[in-house]
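Visitor: I would like to learn how to read a helix and its surroundings. Please show me the model.

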Amino acid sequence: MEPVSTRGVSDPELVERARRGDDAAFGTLVDRHRTAVFRAALAALGTREDAEEVAQEAFVAAFRHLQDFREDASFKTWLLSIAWRKALTRRRTVRTFLRRFVQPPEDTEWQVPDAGRTQEQAVLDNELHGHIRREIARLAPKFRDALLLASAGEHSYNDIAGMLGIPVGTLKWRVNEARRQLRGRLAGMGYGQGLGARTGDRG
Amino acid sequence: MNGNNGHLERHSVDEAQLDVTIDAVARGMTAFEPSGALRARVLERIEQGRRHHSSPAVPRWAWAGAAAALVLAVATAVWVARPVPATDGAQTTVAERRSGAPSLAAAGAERPVAPSAVSPGTASPGGGLSATPQTRRPAAARGVQTAEADVVQDQHPVPALAEIEPLRFSAVEPHPLQIAAVEVTPLPAMLAIEIPSLGPGLNDIQSADPKKEK
């Protein structure tokens, strides 16, 4: 929770205070955007350890370059751009590259809300979710990144487009393309419409 | 067919519902919170960076100068300590220079021999590396000095090393040329040549007047 002294203070004001040496103001900025930065890094890297490290590096780098921040863009977008570049740099390392093959993406603790599901349905849903996670990990990076960032719920399309350096239209296309590819792969596993024809059961 | 009903039921997910499920699963893949210590760690790293970049007691350029001076000092020491090449007729050694012993003559004057150079273990521990008259030893008779002998040698005056036998070379210059003396004898007297006259009145050809002769 933000301290009272900075509650309701805008990001530009906090940035200005931080430039004048107010570390507490920068700490407030960290608290405000820590989740967004962390999840952006997690979307790129797939492991919490790497995402945590990159998030720290991103905030430290942002502090050191506060003088370079121009207020034509939002501080959050600028910060996310820094975090994304650092995440991509780390992703290009051999260690991180190999880890993606050896260690699958973090198994989410998130579960489908158990609203009136039968036990059988829960098992089937979990099976489907497992397939979807694995297929998302197999997507090309540009589609996977777009889908994960858009689905994270922490970033607007403008933020994501600014982070990735692409137009918003391209971002939306990539997200839709990612979904289309996933549907196609899942259909090959028997999910989605048209399964009746595959199994031969038309009844 | 009936057996397939469960199969159909399991996969009866329409496209729209599948999209929703895909988005939900994708969201779940990043639905984590960073550690609560993120802020503290960030501020700590910022503080560490400030301490690192704060002006040091010694400016950076001074370290470069000190390093250059150190390199120069080492190079100078190496150059000074280099072995001096032996001059003509003077077989000196480092030991001689240290002990102040006279330099060897080329003819190979007798010199005291360092016992440590003779064989290891023969040096007296009481520092008795005093110079004693020794016979000449060939240079090949010097053995490897042990570490002990080196230490003892450093603590006491070092006598001159074994005399070096001068090399003897056979004369290589060729024999001088021997050229036989040449006697020049005078030429014998030449006989006079008598030229007979060609006729009367023709003795003086040059003075003859062609007109007069007619």
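Visitor: Which residues in H9(A) are buried?

Guide: Keep in mind that this is a predicted model. In H9(A), the buried residues are Leu171(A), Arg174(A), Val175(A), Ala178(A), Arg179(A), Leu182(A) and Leu186(A).

Visitor: Why do the buried residues of H9(A) line one face of the helix?

Guide: General idea first. An α-helix has 3.6 residues a turn, so residues three or four places apart point the same way. Now the case here. Viewed down the axis of H9(A), the buried residues fall within an arc of 130°, so they line one face. Gly169(A), Gly184(A) and Gly188(A), on the other side of H9(A), are exposed.

Visitor: How many residues does H9(A) have, and what span does it reach?

Guide: Helix H9 of chain A covers residues 168–188, 21 residues in total. From first C-alpha to last it reaches 31 Å, close to the 30 Å expected. Just after H9(A), Gly190(A) has a positive phi of about 105°.

Visitor: What covers the buried residues of H9(A)?

Guide: The cover includes H6 (119–138), H7 (141–152) and H8 (157–164) of chain A, along with H2 (15–29) of chain B. Take Leu147(A). Setting aside residues up to four places away in sequence, Leu147(A) touches Ile136(A), Val175(A), Ala178(A) and Ala26(B).

Visitor: And the nonpolar core?

Guide: In soluble globular proteins, nonpolar side chains tend to be buried together. Here the largest nonpolar core has 54 residues. Among those touching the most other members are Val37(A), Ala40(A) and Leu147(A). Helix H2 (residues 23–45) of chain A gives the most to this core, 12 residues. Domain 1 (8–104) and domain 2 (116–192) of chain A each supply at least three residues.

Note on methods. Residues are numbered from 1 along each chain as its sequence is written. Chains are lettered from A and ligands numbered from 1 in the order in which they are written. This is a predicted model: local features need pLDDT of at least 70, side-chain atom pairs count only at pLDDT 80 or more; totals for chains, interfaces and linings use all residues. Helices (H or I, at least four residues) and strands (E, at least two) are DSSP runs, numbered from the N terminus. The expected span of a helix is 1.5 Å times one less than its number of residues. A residue is buried if 20 or more other C-beta atoms lie within 10 Å of its own, exposed if 12 or fewer, and partly exposed in between; C-beta atoms are placed from the backbone. The arc is that of the directions from the helix axis to the C-beta atoms. Two residues are in contact if their C-beta atoms, placed from the backbone, lie within 7 Å. A nonpolar core is a set of buried Ala, Val, Leu, Ile, Met, Phe, Trp, Tyr and Cys residues joined through C-beta atoms within 7 Å. Domain bounds come from an automatic or database domain assignment.
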